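Please examine the sequence and the structure shown below. The paragraphs that follow lead through a pocket, a sheet and the packing of helices.

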Amino acid sequence: MEEIYRMLDEISSRLKLAGYVPNTTPVLFDIEEEEKEHAISVHSEKLAIAFGLISTGAGSPIRRVKNLRVCRDCHTAAKFISKVYDRKIIVGDRNIFHYFKDGSCSCRDYW
């Protein structure tokens, strides 16, 4: 678990350097912006991708299937992660499969 959270911190740092800005609009709690950013930074999607990065070899694809729809922020983060870490990321949500590669998604941001 510690290793996954360390990887999440690394991902967060590298994504911000690449221009990623967290989308906290869906967080409806009355909390500070920094707390909102933390709340979305530990979504299951990001945890799964962090685990995939530490448990698979460089260049191998990361696959994740879930029964909920991917949130907009996780979708954007996955695009950035695919570019920054040079990985293919395949996420199946309840509607479609998203194929992230080189900073873009097969759904062209419409799902």
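Which helices each supply at least two residues of the lining of the largest pocket? They are helix H1 (2-17), helix H2 (33-41) and helix H4 (72-84); helices (H or I, at least four residues) and strands (E, at least two) are DSSP runs, numbered from the N terminus. The model is a predicted one, in which local features need pLDDT of at least 70 and side-chain atom pairs count only at pLDDT 80 or more, while totals for chains, interfaces and linings use all residues. Residues are numbered from 1 along each chain as its sequence is written, and side-chain values use heavy atoms, with hydrogens and water left out.

H1 gives the largest share of that lining, seven residues. In total, 18 residues line the largest pocket, and Leu-8, Ser-12, Glu-37, Ser-41 and Val-42 lie nearest its centre. A pocket here is an open set of points on a 1 Å grid over the protein atoms alone, where a 1.4 Å probe fits, with protein on both sides within 12 Å along at least five of seven lines; lining residues have an atom within 4 Å of a point. By class, the lining has 10 nonpolar, three polar and five charged residues. Ala, Val, Leu, Ile, Met, Phe, Trp, Tyr, Cys and Pro count as nonpolar, Asp, Glu, Lys and Arg as charged, and the others, Gly among them, as polar.

The structure also holds an open sheet of four strands in the order S1-S2-S3-S4, with mixed pairing; two strands pair if DSSP finds at least two bridges between them. Strand S1 (62-65) and strand S4 (104-105) are the edge strands, each pairing on one side only. Strand S2 (residues 89-92) and strand S3 (residues 97-101) pair in the antiparallel sense over four bridges, and Gly-92 stands opposite Phe-97 in S3. H4 packs on the sheet and touches S2, S3 and S4, where contact means heavy atoms within 4.5 Å.

H1 meets two further helices. The axes of H1 and H4 come within 10 Å and cross at roughly 85 degrees; axes are lines fitted to C-alpha atoms, for helices over the stretch in contact, and angles run from 0 to 180 degrees between N-to-C directions. Ile-11, Arg-14 and Leu-15 in H1 meet Ala-77, Phe-80, Ile-81 and Val-84 in H4. The axes of H1 and H3 come within 9 Å and cross at roughly 100 degrees.
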